[in-house]
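Biologist: Hey, can you walk me through this one? I'd like the overall picture and then a few spots in more detail.

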Amino acid sequence: MPPNSPDTNGITMIKKLKVSQWSSDISRTICTKVALAQSSKCLTTITNHVKQTTPAYIPITSDHLKKQRTNEALVFPNKVSFPDVYSCTKMIQRHVRNNRLNDALKLFDEMPVRDAVTWNSMIKGCFDCGDLKLGSKLFEEMPERNVVSWTTMLNGLLIYKRTEAAEKLFLEMPLKDEAAWNSMIHGYFINGRVEDAVRLFHEMPNRSIITWTSMISGLDLAGKSDDALLLFNQMMPCGIRPTSFTFSSAITASANAKDYHLGVKIHGQVIKLGYLSDTYITSPLITFYAHCNDTDSSSKAFNENPQTSSVVVWTSLLTGYSLNSKHEKALQVFSNMFRSNVLPNQSSFTSALNSCCEMEDSNKGNVINGAAIKLGLESDMMCTEWLWDVGFNPF
């Protein structure tokens, strides 16, 4: 048939209409989300004005702290007598979360009375803001330390890879609770000392589900997925009830080890204990079946979860189809995300663009490009890389 025949033109027109409809669905969802965000911002402005004009300064300060309005909270000390220790500690914590270490230190120095919680918060704040030296100095200056103080200092040293110093501190601790043992085990893992983590685990006098979960996850992340699964199997007969995080770690290890039989068995335990609707479990389950080339079971796990508003769960299904070269289904999931008012994240766009690249579908690639720009993801390096790969200039 000649290339410009009516039939060929008709097919081209139908394809364009389908892509247009696909693009329209995505654009409509994005516009709705933007409008809602603007309305929310307006309402917040009005609410702030009402609260700032009331004379009840203490409730205002509490409300500001809860809603992360640190500047407004500082009005409180200027209006009445110096706030109590609890209020000051909350303000110090808020300063630190906003990376305002100097403001936190200023308030800490001005406090006439400080308790152990205040000291611990300030020390942790130093570590969170990147100042190990100052945090260590405050720890040394503490008039009285509790187990939380020691554990906070221990975590600080481990975060900054001062493993030998952390070991010494751990041995010096006058009292070690489970949190301290768990911190040291986790610190060994994050610093690549897997054998030391395993040794300390076996030396622990008491182990809770938190410890077992940390070990399973740590071994899996260290590339020892088979050992992680062996530990999970050893835990089950001990009468310890797994949490959703435990199951999630075990399912992820099953995916990495591609142990289909054990993964299915864990899935059955999840159903038996009533964790099936937990998002922390659904996403790893979908990924597990995808890694084992069973996308039908991935889809079933997705449909069994009533909380389909989670972008993580949607992205797991999308990525699973893409990894198994089922790109049409992957793009259908991407489209359905918008229809269900679930905005894709970086990973969603990366997987969708990968499917477009594999299918050489320039029309849908352009739609995804436009959606990424509207959502402010055009500067995202991963998305940009894929846009270039499929032949589009995102700028």
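Modeller: One term before we start: a helix here is a DSSP run of H or I with at least four residues, and helices are numbered from the N terminus. By that count, Ile 368 lies in helix 22, residues 362-374. Keep in mind that this is a predicted model.

Biologist: OK. Is Ile 368 buried or exposed?

Modeller: Ile 368 has a relative accessible area of 0%. The cut-off for buried is under 20%, so Ile 368 counts as buried.

Biologist: Zooming out, how many helices and strands does the protein chain have?

Modeller: There are 23 helices and zero strands. The chain has 395 residues, and buried ones make up 44% of them.

Biologist: What about its surface?

Modeller: The accessible surface comes to about 21,000 Å², and 55% of that belongs to carbon and sulfur atoms.

Biologist: What share of the contacts is between residues 24 or more positions apart?

Modeller: Taking contacts with a separation of 6 or more, 56% are between residues 24 or more positions apart.

Biologist: Let's switch to helix packing. How do helix 5 and helix 7 sit against each other?

Modeller: Helix 5 covers residues 85-97 and helix 7 covers residues 116-128; they pack at an angle of about 5°, with axes 10 Å apart. Angles under 35 degrees count as roughly parallel, so helix 5 and helix 7 are roughly parallel to each other.

Biologist: Which residues make that contact?

Modeller: From helix 5 you get Val 85, Thr 89, Ile 92, Gln 93 and Val 96. Helix 7 brings in Val 117, Thr 118, Ser 121, Met 122, Gly 125 and Asp 128. Sorted by class, the contact has five nonpolar, five polar and one charged residues.

Biologist: New topic: where does Asn 324 lie?

Modeller: Asn 324 is in the loop between helix 19 (311-323) and helix 20 (327-339). With a relative accessible area of 18%, Asn 324 is buried.

Biologist: What does its side chain reach?

Modeller: The side chain of Asn 324 has a polar contact of 3.0 Å with the side chain of Asn 293. The Asn 324 side chain also reaches the backbone oxygen of Gly 320 at 2.9 Å.

Biologist: Which residues is Asn 324 in contact with, leaving aside neighbours within four places in sequence?

Modeller: Those are Ala 290, Asn 293 and Thr 295.

Note on methods:
Residues are numbered from 1 along each chain as its sequence is written. This is a predicted model: local features need pLDDT of at least 70, side-chain atom pairs count only at pLDDT 80 or more; totals for chains, interfaces and linings use all residues. Side-chain values use heavy atoms; hydrogens and water are left out. Helices (H or I, at least four residues) and strands (E, at least two) are DSSP runs, numbered from the N terminus. Buried means under 20% relative accessible area, exposed over 50%, partly exposed in between (1.4 Å probe, protein chains only). A polar contact is a pair of N or O atoms within 3.5 Å; within protein, one must be able to donate a hydrogen and the other to accept it, and residues adjacent in sequence count only if both atoms are side-chain atoms. Contact means heavy atoms within 4.5 Å. Axes are lines fitted to C-alpha atoms, for helices over the stretch in contact, and angles run from 0 to 180 degrees between N-to-C directions. Angles under 35 degrees count as roughly parallel, over 145 as roughly antiparallel, 65 to 115 as roughly perpendicular and the rest as oblique. Ala, Val, Leu, Ile, Met, Phe, Trp, Tyr, Cys and Pro count as nonpolar, Asp, Glu, Lys and Arg as charged, and the others, Gly among them, as polar. Accessible areas come from the Shrake-Rupley method with a 1.4 Å probe; for residues, only the protein chains shown count as cover.
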